[in-house]
Amino acid sequence: MPSTELSLDAPQLLRQLRELGAIGQRPGDEGRTRIALSDDDRAGRDQLVRWMHDLELDVRIDQIGNVLGILHPDRGGLPQRPLMIGSHIDTVRNAGALDGCYGVLAGLAVARAYRQAGVSPTRGIVVAAFTNEEGVRFQPDMMGSLVYAGGMCVQAAHDTVDGDGERLGDELARIGYAGDMVPGSLVPHEYLELHIEQGPLLEARDRQIGIVETLQGISWQQVTIHGVANHAGTTPTRLRHDAGYAAAACIAFLREQVVGAEPETTLATTGTLRLEPNVINVIPSKATFTVDLRDPDERRLRMAESRFADFLVRLAEREGVRIKVDSLARFEPVVFDAGLAARIETAASRRGLSHMRMTSGAGHDAQMIARIAPSAMIFVPSRGGISHNPREHTDDQQLVHGAQVLLDVVQACMAST
Ligand code: HGY
Ligand code: MN
Ligand code: MN
């Protein structure tokens, strides 16, 4: 156990999780919705900034809207190579209260521990809330941290448009978070992200802490199929060019490809599907849907992509439809920093917390920041493995354990440099 008097203000962390979780709740919805750069996202950001000011952090907004709260060491000026703790506070639709928010507010809890002890860290500590981690409205996901890591230029990010043609840069200005700090100008010495697992593994193995060693590859595509509208009652099947059927054939193909594969590691999801003209008695002339493919192994992920591409060629031929594919996001698997992973393991052991090493199924900002700094993640269990769902839940004690391990690892990092 580190020899400093820092202690976690657990009640305040849990209180802030509930207060932030209340922002973006709608009557009738169980969960909350704070889609990136919406008014609800602005409300969440404003609350976070208020809490950062309460801790007398130096709050900076960068050009992609990332919110950085800086706890300066004694020395003035921007900290050189600070320790960064980050995640996100934007959500999917009708989301749980913990995804992303837990990691950002645990970062505030670390800063609060220093403040309440009346000590300054030996190096700067930056708490970051990255813009548009979920990628629901603007793709790719993890966009704010991708720009921060230099993987996407600010202009290209600003020029992305959502399904309604709204431009990201305009929305950023509209909600008042078009900052002037150059993304990435504060290069972290190391990056830590505390997150709920969002999957079933820790609970199934009855472990309290996950030490995330790797994060799987992600491939997002949008598929547009153009068929021919026709009358549902007069058009023989053999004369149809049915975009709706073709889309359904794709979704079925993807599931058949992953089930029973050896090993069964590739995951395929179609989360959005739109038919036009979307009328009960008209054969769809157009189908637009997304394909989310994931695998920890880059070679298998590429195989899944190329098998699907080949299927689309055959399908277009067979059904007499035209098919267009746009790539929305493509990130290779990531290996996190072994030294930081070892620190997490030591911290969990010292607290007598059961733990295991694992891969992350979900994408996270850490996978982007790993491009510019040694990075690692700490997981806590998700009840029933549920996430991206209002029933997302982690027990208070589990949340506190994770934040305590984070605080211990921060102090170990501080002591080592
Ligand atoms: O898609 C993901 O895995 C993350 O939640 N953005
Ligand atoms: Mn997340
Ligand atoms: Mn998420």
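1. Asp 40 is placed in helix H2, which spans residues 39-54. Helices (H or I, at least four residues) and strands (E, at least two) are DSSP runs, numbered from the N terminus. The model is a predicted one, in which local features need pLDDT of at least 70 and side-chain atom pairs count only at pLDDT 80 or more, while totals for chains, interfaces and linings use all residues. Residues are numbered from 1 along each chain as its sequence is written, chains are lettered from A and ligands numbered from 1 in the order in which they are written, and side-chain values use heavy atoms, with hydrogens and water left out.

2. Leaving aside residues up to four places away in sequence, Asp 40 touches Ile 23, Gly 24, Arg 26, Thr 33 and Arg 34, where contact means heavy atoms within 4.5 Å. With one of these residues, Arg 26, the side chain of Asp 40 makes a side-chain polar contact at 3.1 Å. A polar contact is a pair of N or O atoms within 3.5 Å; within protein, one must be able to donate a hydrogen and the other to accept it, and residues adjacent in sequence count only if both atoms are side-chain atoms. Asp 40 and Asp 90 are 50 residues apart in sequence, and their C-alpha atoms are 8.9 Å apart in space.

3. Donors are N, O and S atoms within 2.8 Å of the metal (3.2 Å for Na, K and Ca); water is not among the atoms, so sites may look incomplete. His 88 and Asp 99 are both buried.

4. The manganese ion (ligand 3) is coordinated by Asp 99 (OD), Glu 134 (OE), Glu 134 (OE) and His 388 (NE2), at 2.1 to 2.8 Å. Its donors follow the spacing D-x34-E-x253-H along the chain. Asp 99 bridges the manganese ion (ligand 2) and the manganese ion (ligand 3), which lie 3.5 Å apart. Asp 99 is buried because its relative accessible area is 8%, whereas His 388, at 43% relative accessibility, counts as partly exposed.

5. Around ligand 1 are Glu 133, Glu 134, Asp 141, Met 142, Trp 220, Arg 294, Ala 362, Gly 363 and His 388. A polar side-chain atom of Glu 133 lies 3.2 Å from a nitrogen atom of ligand 1. A backbone N or O atom of Gly 363 lies 2.7 Å from an oxygen atom of ligand 1. For His 388, an N or O atom in the side chain is 3.4 Å from an oxygen atom of ligand 1.

6. The structure holds 4 aromatic pairs. One of them, Phe 130 with Tyr 148, is edge-to-face, at 5.9 Å centre to centre and 70° between the planes. Rings of Phe, Tyr and Trp (its six-membered ring) pair if their centres lie within 6.5 Å; planes under 30 degrees apart count as stacked, over 60 as edge-to-face and the rest as tilted. Phe 130 is in the loop between strand E4 (125-129) and helix H4 (143-148), and Tyr 148 is in helix H4, 18 residues apart. Phe 130 is buried, with a relative accessible area of 2%, and Tyr 148 is buried, with 3%. Phe 130 and Tyr 191 form a tilted pair, 6.3 Å centre to centre with 50° between the planes. Tyr 191 lies in strand E5 (residues 190-196) and Phe 130 in the loop between E4 and H4, so this pair ties together parts that are 61 residues apart in sequence. Phe 130, Tyr 148 and Tyr 191 form one aromatic cluster.

Conventions. Buried < 20%, exposed > 50% of the residue type's maximum accessible area, 1.4 Å probe, protein only. Near = heavy atom within 4 Å.
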